[in-house]
Amino acid sequence: MQIEVKCSCGAENCPEWAIVELQGVVEVQPSHRDGIQNLEIGRLCRPSSDEKYTLTIGYHELSGTKVTLKKPLAVLKKVKRTDDGKVELDVVGVIRHKILFKTRPKALISRKFSTNSHFLNHSSSSICSFIVCVDFFIDLNRRTS
Amino acid sequence: MEQPHSILTGAEAVLNVQPNSSLSVTYDTLFGSSDNHMLLELHDEILPDLLHQSITLRGEPNEDVVLCTLSKTYAVKFVGTSNSVFLIPPSRHQFTQNGQQSVASVIEISPGNMELIETAPRLDRLKTLLAQNPYSSMEALQADDMEDDSKESKMGLCTWHDLVNKIQASDDELRNGLEALSAVEIDGFWRIVDEKYMGEILTMLLQNSILNDWSLDKLDEDEVVTSLVTDGFPHKLAYHCLHVYGSEVDEARGKSCVWTLDARRVCVHFARQVLGVGKMKLERFMEMWLKKIPDGMNANLEMLEGEVLTEKVGIEMWVRGFSVASLPSNPAERFSVLFRERPKWESKDLQHYIRDLKVPGLSSEGLLLKYTRRTQPTQDAEPVFTAR
């Protein structure tokens, strides 16, 4: 079978998406677990004219930089054609830069916060990889663990 | 009237944070509810094909997927990360009202992204598929009688569209694969012609050449095809015969094309015919083979490299058919078959049986390094290759 990859926005006009990447996991307070939509995760700041950024989550302050990706990423979404139900992949955006936070976070203990979220730092990141099967594209409810 | 103050939101906000400013990063209203987005690494070389909508994923649901551009094939690897990758789309609204703060919302946390690894096209299945129903003289005869295209007789046959859906290769690579198999499109279906039948057509062509005093390196296409059609062969196959055993010479110039028969291809054909019965003594083979070669054509054993194997049994030299075209195109399988045939190979023989192996990123030396063990008994001796 064939699954076509289309760019319905016409690649020159492909909107640019962004990634904020953290070396760790954000935990939401138990009281908010059922409805995290619209909840604030944290504040992203650029303190000076350098491309340096801070991200404050709960009482942690992370430091990071804007990174240009060596290879841009296409953002794909599965689409079901209305005429024959065939699955297609649509390129809905492109990512050329990300804001990457990978240093040890600083704990801000002197301020008082009401926070929704808490940041759990990982001392390093790990990757795992596998070869993709065709049905990965057909059945997207399968999440990778 | 005052213009509404445009405050950036979404991805634009994240990518354009001004010095001494900040924004709020939130979970989107639709966080967790939409279908997952997938992230795919884009190589420069893929971009043009993407713009022209000629990228497809190919494969059966349970197979490893490949991504195909017009001319290349890539394996797809998913690389997961333990980092939290917050995916932020562009904002849905252009302007926000005065007083509202800058917000970027996260639609999803991506588990990782997909990478592309250039890979050889998977063409072995093409061979198997087409070999199931070779076009034979029987079918040619029946085609004359049958006027209707009854669907049952077309079962198991593949159109180009069928092949594209079944074979994990780009369009260009698929076309090259068909060319390498000497496949021909008959009535919209891609077929391999039965070897015996091709032999009949070639023999008739050679006989007609003698009868009409044609030069084998200046064959007139129209004359050849007409004579073969008169002898009862379908037009398509008469032309295909020229294509399989010859090459077009330049300068058609409005007149009929001129072809020259390729000595090597013709001689290989007759060698295969002779060795069809099994192995034989080299002397006997040469006798029988040379008898079949058309006048004016020179045959020598070098032409049969990659087609036959010779070995000394006692004091005599024997020869048997062993064609590189019959071997798997996957390197691991290829070497497995080769070492089953012969545990030890010398480079001068082995090179002909791996010359068609194409693995992106691996030269033939690299292939040998990866799949064989090289030994050299003495400085002067020929290196010998064995299985790893």
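Guide: A salt bridge is a side-chain nitrogen of Lys or Arg within 4 Å of a carboxyl oxygen of Asp or Glu, and we shall apply that rule to a model that is predicted.

Visitor: Why is the pair K71(A) and E41(B) called a salt bridge?

Guide: The closest N and O atoms of K71(A) and E41(B) are 3.8 Å apart, and the cut-off is 4 Å, so the pair meets the rule and is called a salt bridge. Across the interface of chain B and chain A, the rule finds one such bridge.

Visitor: Which elements of chain B give two or more residues to the side that touches chain A?

Guide: Among them are helix 1 (10-15), strand 2 (37-41), strand 5 (73-88) and helix 5 (160-166) of chain B, and the largest share, 13 residues, comes from strand 5 of chain B. By kind, the residues on this side of chain B divide into 34 nonpolar, 23 polar and nine charged.

Visitor: How do you know that strand 6 of chain A and strand 2 of chain B pair?

Guide: Pairing asks for at least two bridges, and strand 6 (residues 60-80) of chain A and strand 2 of chain B have five bridges, in the antiparallel sense, so the two strands count as paired. In one of these places, A74(A) has L40(B), in strand 2 of chain B, as its bridge partner.

Visitor: What makes up the contact as a whole, and how much area is buried?

Guide: The contact takes 73 residues from chain A and 66 residues from chain B, while the two chains bury about 6600 Å² between them, with 59% of it on carbon and sulfur atoms.

Technical notes
Residues numbered from 1 in each chain as written. Chains lettered and ligands numbered in written order. Predicted model: local features only at pLDDT ≥ 70, side-chain atom pairs only at ≥ 80, totals over all residues. Heavy atoms only, no water. Contact = heavy atoms within 4.5 Å. Buried area = accessible area lost by both parts, 1.4 Å probe. Helix = DSSP H or I, 4+ residues; strand = E, 2+ residues; numbered from the N terminus. Nonpolar A, V, L, I, M, F, W, Y, C, P; charged D, E, K, R; others polar.
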